[in-house]
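Below are my notes for your review. Please read them with the model open beside you.

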Amino acid sequence: MAPPPNLVELYDAARGGHRRSLGRLLTLVERGGAEAERISELAHPDSGRAHIIGITGAPGAGKSTLTGQLVAKLIEAGKRPAILAVDPSSPLTGGAILGDRIRMDDVVGVVATDAAAAADGPDRTSAFIRSMATRGHSGGLALAVPLAVRLFDAVGYDPVIIETVGVGQVEVDVVGAADTAIVVVTPGMGDAVQANKAGLLEVADVFVVNKADRPGANDVRRDLDLMLDLSHLTGQEAADGYRPPILMTSALTGVGAPEVLEAATAHLDHLDASGQRTTRRRARIRSEIQARMEQKLAALTEQMLASTDGAELLSKAEAGAIPPTEASTALLQRLLSGDHSA
Ligand SMILES: Nc1nc2c(ncn2[C@@H]2O[C@H](COP(=O)(O)OP(=O)(O)OP(=O)(O)O)[C@@H](O)[C@H]2O)c(=O)[nH]1
Ligand SMILES: [Mg+2]
């Protein structure tokens with residue numbers, strides 16, 4: 001076995017701009033467990049600065065293409081963005097990540113992810129693009145994404161952009177927990193209505209109607225505007241009167257991308273001015289703690305059921321000698337008293 005990586009050295013190197021070290025840390029973050037927790041401790045004092053931007057929308061809406069354009073503009077502006085592309089880990093879409101990378105790299109040009117990572121030297125000028133698979137762990141995404149974001153932030157990337165497909169609660173939550181949530185819709189197929197159904201309307205801070213080069217883009221814009229009017233009427237719009245802007249883009253050519261960045265920055269200014277940036281950060285911390293506790297409790301439950309005591313109570317209940325309620329209460333009591341090792 002290879003010796004365990006020295007996390008302090010890796011972290012210091014990553015802070016110094018060493019891409020490969022950051023890549024190794026991210027792999028450990030993705031894996032979870034004690035090393036991920038140690039990385040969390042190391043990153044803690046240095047994080048809390050970056051603008052966290054979530055980008056979501058239906059499959060194929062152009063999220064990656066748009067992200068590539070945003071990244072190119074950010075680099076031009078002297079920024080150092082990190083991109084976390086969350087792969088829903090479905091066998092159907094698993095192959096899309098490579099495509100994502102290629103498309104982003106096409107736009108970003110020299111910022112080739114793996115090539116730059118392999119170049120091994122310090123790098124303080126380009127973007128870091130990482131895709132993260134969730135590997136079927138329902139809790140994996142909820143734990144690894146927030147830690148990866150904190151790590152990017154701690155080693156000096158800003159903004160940190162998270163791309164997720166807007167299907168499924170966890171994905172929507174991840175983006176909703178960002179400082180600025182960008183929801184991408186496209187012309188056709190009642191996309192605005194779909195976004196509404198997926199719960200994306202409520203989390204959106206900025207709307208992007210991408211593929212504006214296609215017919216129907218103005219219809220989507222109007223639909224979104226109407227829905228925002230309605231949510232205003234029903235009291236859903238934020239009490240501070242912030243209304244998410246609706247921007248038109250054509251990500252293939254980059255038309256509209258600078259305006260998206262301006263809107264994201266304006267939204268961050270609004271959060272700072274209204275004190276809501278703190279509120280969002282608190283909500284993120286709370287939900288990460290909750291996710292971590294739930295995951296540990298689930299693991300302890302498994303451990304308890306596999307223990308001698310657990311197996312005994314389990315087989316009693318299975319044989320009908322005691323009801324499942326009694327078995328679960330007894331096991332929980334033992335778990336909470338810390339007695340789950342046997
Ligand atoms: N016409 C047109 N096509 C676009 C535009 N933006 C993206 N596309 C195309 O739409 C397809 C999907 O783009 P992606 O950027 O991969 O979309 P995505 O939302 O990241 O897709 P997933 O990550 O697979 O959900 C690609 O073929 C793009 O070239 C646009 O503004 N106009
Ligand atoms: Mg994509």
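**Notes on the predicted model**

1. This is a predicted model. Serine 64 and glutamate 163 are both buried. They are also the protein donors of the magnesium ion (ligand 2), Ser64 through OG and Glu163 through OE, at 2.1 to 2.3 Å from the ion.

2. The largest pocket has a volume of about 980 Å³. Its lining is made up of 40 residues, and those nearest the centre of the pocket are Pro146, Arg284, Ile285, Ser287 and Glu288. By class, 17 of the lining residues are nonpolar, 12 are polar and 11 are charged.

3. Where does the largest pocket lie relative to domain 1 and domain 2? It lies between them, because domain 1 (48-274) and domain 2 (277-342) both give residues to its lining. Among the helices, α7 (140-154), α8 (169-176) and α13 (276-306) supply at least two lining residues each. The largest share comes from α13, with 13 residues.

4. Histidine 44 is found in the loop between α3 (33-43) and β1 (52-57). Is histidine 44 buried or exposed? Its relative accessible area is 56%, and the cut-off for exposed is over 50%, so histidine 44 counts as exposed. The C-alpha atom of histidine 44 is separated by 7.3 Å from that of alanine 154, although the two residues are 110 apart along the chain.

Definitions and conventions
Residues are numbered from 1 along each chain as its sequence is written. Chains are lettered from A and ligands numbered from 1 in the order in which they are written. This is a predicted model: local features need pLDDT of at least 70, side-chain atom pairs count only at pLDDT 80 or more; totals for chains, interfaces and linings use all residues. Side-chain values use heavy atoms; hydrogens and water are left out. Donors are N, O and S atoms within 2.8 Å of the metal (3.2 Å for Na, K and Ca); water is not among the atoms, so sites may look incomplete. Buried means under 20% relative accessible area, exposed over 50%, partly exposed in between (1.4 Å probe, protein chains only). On a 1 Å grid over the protein atoms alone, a cavity is a set of points where a 1.4 Å probe fits but cannot get out, and a pocket is an open set with protein on both sides within 12 Å along at least five of seven lines; lining residues have an atom within 4 Å of a point. Grid points are joined across faces, edges and corners, and a volume is the space filled by probe spheres set on the points. Helices (H or I, at least four residues) and strands (E, at least two) are DSSP runs, numbered from the N terminus. Ala, Val, Leu, Ile, Met, Phe, Trp, Tyr, Cys and Pro count as nonpolar, Asp, Glu, Lys and Arg as charged, and the others, Gly among them, as polar. Domain bounds come from an automatic or database domain assignment.
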